[in-house]
Amino acid sequence: MKLKRLFSGVQIGNLELKNRIVMLSMQLGYAEGGFATPPFIRFYEERAKGGAGLLIVGGAHIHPHGTGGVNFLAVDDDRYIPDLRKLTEAIRTAGAKSCLQLLHSGRYAFSILTGEQPVSASEVASPLSGEVPRALSVEEIKDMVGLFTDGARRAREAGFDAVEICGSTGYLVSQFLSPFTNRRTDAYGGSLEGRTRFAVEIVRSIKQALGEDYPVVFRLSFDDYVEGGTGLDETRSIAGTLEEAGVDLLDMQVGWHEAKVPTSAMLVPRAAFAYLAAEIRKEVAVPVVVTNRINDPLLAEELLQDGVADLIGMARALIADPELPNKARTGRLDEIAPCIACNQGCMDGVFMGRPVSCLVNPAAGREARFEIHPAKKPGKVMVIGAGPAGMEAARVLALRGHEVILVEREEELGGQLTLCGTARDRAEFKSLLRYLIHEVRRLDIRILTGTEAGEESVLAHRPDVVIIATGARQDLPELPGTGKPHVYTAASVLRGEADLRGRVAIIGGGHIGCEVALYAAQRGAMPPDVARFLVLHGALDPEQALAYMRRTRPVTIIEQRKKIAAYYGRTSRFGILQGLRSRGVTLMTGTKCVEICDGGVVLEKANGRETLEADTVVITSGYVEEGALYKRLEGKVAELHIIGDAKKLKSCQQAVWDAAELARNI
Ligand code: SF4
């Protein structure tokens, strides 16, 4: 498919964009003290060089009591302008346009950060902090309109080509729009007109102050997915009202941070909410941006061609690969490092007060330090093990000009990554696997699969450097009954070699345990495409189809610790738990399996022992570091390293990062 529409120009008010890819705002945590720091500027410069048409930076808080987190950008004072100007100059020089998002977090602010009680439309507690905000007085609302306008003025002075008002995701402006958080009875509450008044006044005030020509973007949620909140019908009207007020572009997004509907996790199908953009586009003449889980340029083109929206919003996809637009434009689609919607580096980082990073792109946020330079002394490097750490190391080493030999014991590349993504809800892991395999094959790397690396065979190659990336192996725990025929390892299940029958008990609730649980539950359910076919042809009504899709086999995860998927961060764990719940998986925490018997497992809990009936038992615990070859090679090669799980069991992200860092320094 030719990406003609994606790479055609588009007009936002008076602003002309070279293509229809918009990097959406995302908190990064790089803005120390609220300033656009050098890493912050470099981050956006790379995305501008990568070919995006418009970069929406921020949100930048318009008052300190509206900040949403640690090291978020600020525009509440003129002192921020000089650094913001450096940022816009870098973006402009790299060929893109810039827009600053103006933000007030309202009840999503944390008094522990701001030193003040959060403010909102009404006194409705924030589930993020548990704090009850103070309702703004009418006078304060007028002041707030002034603060947004001041922020816009500073943005223009700093050289931004446009400003965006954050009126979505549960932040202050959306707290006024939503009947859930706006319980006011004055002119700023009650009817939809009243609830929209604050947003309209901000738009008009900015237009009045900066001129009708200065483009104003409005970020709006299609649906809050909060009970009693704003749904699509109201959003249609709000969109029209905002257009009348002077908005030049509607940047449509979905769901608040407190929504129970997953909107960004891996289990969300790509472009799942795009149909909502088409609904809004019917209501307005101004262009509409569609977003959420669009990481594929072909899909983006299809959405544009189908008239779903005018522009495509991407944030995480451009964190994972800043060069996505240029690679797409020049037909190098297979070279795009895909955002797999894991949220481990980015969203988890934001919610934990850490700078944003990326599982797939170790350079995100540290572009200067992670630049790839040619090796000072290119040599022969053997990488043993072609899991994610080994392949990332090989990729970077090859890019730096080393002669690389990548050795893998199995016939296929990927290591533990081959086990991820078997469950439909986790399928994005397969795209990471495809990308890494494509890269190591594309680059000049000698790949030896089905090859057991031993001391002699390694030394026979006379390598200058050896990197052990042999990953982990599973040692089955000493548990009575592990040899029974209905007991399987995680690998045998995920490779489709196990005879999954009836009720499934999974021992271990780490990430592999969750993958197995999702896969096992899914195996008993009607696939979505079959359900769709049967409904479309009248063989089932939608209710019946839904029931069949939910008819999963009974699956129970047994975990000794207090939490399932314990090492995941807040947002990635939320996605996994939502997936497990939606498939009806039972979660037993604080529970130890002490025996596997015929027809069940004996469990030890705080209040005693019990037997859980099970026809299939899967052991997903007992992974240990596989670092024996490292010990055998110690002192026998000039330079020896060990990385990833072979060194210490850790997350996939950490393994990839270790590899990326090491490979840049050899
Ligand atoms: Fe995407 Fe995961 Fe990277 Fe976030 S950490 S940008 S979700 S690949």
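Let's start with Arg424, which counts as partly exposed, at 35% relative accessibility. Keep in mind as you look around that this is a predicted model. You'll find Arg424 in the loop that runs between β14 (403–407) and α14 (428–442). Setting aside its neighbours within four places in sequence, Arg424 is in contact with Gln522, Pro527, Pro528 and Arg583. There's also Arg523 to look at: Arg424 and Arg523 sit 99 residues apart in sequence, yet their C-alpha atoms are 9.8 Å apart in space.

Now hop over to another arginine in a loop. Arg332 lies between α11 (324–329) and α12 (347–351). Is Arg332 buried, partly exposed or exposed? Its relative accessibility is 29%, so Arg332 counts as partly exposed, because that label covers values between 20% and 50%.

Ile112 belongs to helix α3, which spans residues 111–114. With a relative accessible area of 78%, Ile112 is exposed, since the cut-off for that label is over 50%.

Methods
Residues are numbered from 1 along each chain as its sequence is written. This is a predicted model: local features need pLDDT of at least 70, side-chain atom pairs count only at pLDDT 80 or more; totals for chains, interfaces and linings use all residues. Side-chain values use heavy atoms; hydrogens and water are left out. Helices (H or I, at least four residues) and strands (E, at least two) are DSSP runs, numbered from the N terminus. Buried means under 20% relative accessible area, exposed over 50%, partly exposed in between (1.4 Å probe, protein chains only). Contact means heavy atoms within 4.5 Å.
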